Amino acid sequence: MRTAEEYRNDLLKLKANIYIGGRKVKRDDPRLSGGINVISKTFELAEHPDFKELTTRSHLSGKKINRFTHINQSADDLMAKQLMTRKLCRVVGGCIQRCMGCDAINALSIATFAADMENGSDYNKRFLEYLKEFQKRDLTAACAQTDVKGDRSKRPHEQKDPDMYVRVVEKRSDGIIVRGAKNCITMSAIADEIIVIPTRAMTPNDVDYSVAFSIPADTDGVKIISRASSLRAPKDLDMPQAEIGDDEGFIVFDDVFVPWDRVFLCGENMYATLAAHLFALFHRHSYTGCKPATTDVVMGFAALIADYNGVYNKSNIRDKLVDLAAVAELVFAAGIASAINGTKTPAGTFLPNEIYANIGRRHAGLNYYHELELLAEVAGGLPAALPFAEDFLNPETRPYVEKYIKRRADVPPESVYRCLYGISNILCSSFGGVLAVAGVHGGGSPVMEDIAIWRSYDFEEKKKIAKYLTGIKE
Ligand SMILES: Cc1cc2nc3c(=O)[nH]c(=O)nc-3n(C[C@H](O)[C@H](O)[C@H](O)COP(=O)(O)OP(=O)(O)OC[C@H]3O[C@@H](n4cnc5c(N)ncnc54)[C@H](O)[C@@H]3O)c2cc1C
């Protein structure tokens, strides 16, 4: 397994193809450091006794690997992934980012196998060779699923500009050339690899768009326009939160060559559709780990500030904390139910139950702004008007801030300041805004979970109950 330092060094070896703030930069740009710090935790904590779930044995080589490179083999694997995700997200106070690549390899392990069973192709063999390398080198991958999509009412082949979904523009003896763009792609500027998966169901008219592949993140023709954000780092106040950041990329594929051994689907619209659904399913199961962790963070700050304010036991506060706990644990419980009710696929990969994963993700997505509202209500208005850390530390203003920020007599004013600073980061920072939109749309907007639930839920069985209870015989 790699160390965090090796991961960072490997990033520095990649060619400059990142664009931030009007300039082309390498991966040592300080604006990317927050996201790199987050991913680094997945390496640093791999040997930590409190994070045993973070490593497992490869089903291919039998060797110890990082779970982010693992193909789930059982319900226990899914639950370990869920717990690992919740624990890691607590450490970084938000998205751990590395799950995308993990969910993508799990989806491809099934979709390539299914395509080969039907067509006699060798996608799964190629994929397994890639996976061996992925596990051995302990790689990180962004999963680029979300196409820019153009006119939302039209399918890929119906778009006026044919490049609105990533597509194959040329097939050669040694590989394919792809063109298009994907947006909202987490960790794309700080990943070793980019795994591309279709974003929606593909019809027989969309075969050029039915493509899945993986490439090193600095492949010629790949341009990553990054929107990196990080928390405001208070000078001289030592806060773990200040090292955290996020990277969201707009990835352009400007006629990019992909060799055949890295092409995992090419033209099979049914299996492209399957890969799109499977990535969404694995990713929504991941959300049943990460979203409870973000609620844990919101809940922690709400409870702490209420405690400092001396109102922790009041009924209006208690109701809100119980509301937050109920959201976190219902979403987590949905993930456990999804794992326990999952199925072993013919490929050997263990698949989460679709209904439970989707209701878990949907519940989380519908509640995130409500959680922020509860925190804002409990915290009062000061997070929006908190003096900057430099003014808290300035000997001229500090005595005033300390005197007037005081709440309960036994709580040091610096603790109150730090707690409000953390809340301000969640409610009032650009990074907090990114996490909020991610809470709604990351992993698929709630309407997409509605579609998945509508597709697979047995409403007919429910009609039968109503008929039985009222004696309707048809
Ligand atoms: C912070 C963040 C991180 C993300 N990370 C990743 C990532 O790592 N990888 C990745 O692939 N994606 C990622 N996503 C993308 C995410 O999956 C998408 O944002 C989500 O699927 C919604 O797609 P969209 O943003 O294109 O919204 P749109 O599709 O434009 O949807 C906007 C609204 O229009 C509605 N709508 C769209 N089409 C139709 C239609 N045909 N009929 C009726 N209504 C319609 C939707 O219901 C929605 O309400 C991330 C998103 C965020 C915010």
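Visitor: How are H8 and H12 oriented to each other, roughly parallel or roughly antiparallel?
Guide: H8 and H12 are roughly antiparallel to each other. Angles under 35 degrees count as roughly parallel, over 145 as roughly antiparallel, 65 to 115 as roughly perpendicular and the rest as oblique. Before going on: this is a predicted model, in which local features need pLDDT of at least 70 and side-chain atom pairs count only at pLDDT 80 or more, while totals for chains, interfaces and linings use all residues. Residues are numbered from 1 along each chain as its sequence is written.

Visitor: What angle and axis distance do H8 and H12 have?
Guide: H8 and H12 pack at about 150°, and their axes are 6 Å apart. Axes are lines fitted to C-alpha atoms, for helices over the stretch in contact, and angles run from 0 to 180 degrees between N-to-C directions. Helices (H or I, at least four residues) and strands (E, at least two) are DSSP runs, numbered from the N terminus.

Visitor: Which residues make that contact?
Guide: From H8 there are Gly365, Tyr368, Tyr369 and Leu372, and from H12 there are Ala436, Gly439 and Val440. Two residues are in contact if their C-beta atoms, placed from the backbone, lie within 7 Å. By class, the H8 and H12 contact has five nonpolar, two polar and no charged residues. Here Ala, Val, Leu, Ile, Met, Phe, Trp, Tyr, Cys and Pro count as nonpolar, Asp, Glu, Lys and Arg as charged, and the others, Gly among them, as polar.

Visitor: And H8 with H11, at what angle do the axes cross?
Guide: The axes of H8 (residues 354-379) and H11 (residues 413-428) cross at roughly 140° and come within 11 Å. H8 and H11 are therefore oblique to each other. On the H8 side, Leu372, Leu375, Ala376 and Ala379 meet Ile423, Ile426 and Leu427 of H11. That contact has seven nonpolar, no polar and no charged residues.

Visitor: Changing topic, how is the chain divided?
Guide: Into domain 1 (4-268) and domain 2 (275-465), with bounds that come from an automatic or database domain assignment. The C-alpha centres of domain 1 and domain 2 lie 24 Å apart.

Visitor: How many residues of each are in contact?
Guide: 50 residues of domain 1 are in contact with 43 residues of domain 2. H3 provides the largest share of the domain 1 side, eleven residues. That side of domain 1 divides into 25 nonpolar, 14 polar and eleven charged residues.

Visitor: What about the ligand, which residues are closest?
Guide: The closest are Gln145, Thr146, Arg152, Thr186 and Ala438, among 20 residues that surround the ligand. A residue is near a molecule or strand if its C-beta atom, placed from the backbone, lies within 6 Å of it.

Visitor: Which element gives the most to that shell?
Guide: H12 does, with four residues. By class, the shell around the ligand has nine nonpolar, eight polar and three charged residues.

Visitor: Which domains does the shell draw on?
Guide: The shell around the ligand takes at least three residues from each of domain 1 and domain 2.

Visitor: Last one: how do H4 and H5 pack?
Guide: H4 and H5 (residues 123-136) pack at about 155°, with axes 8 Å apart. That makes H4 roughly antiparallel to H5.
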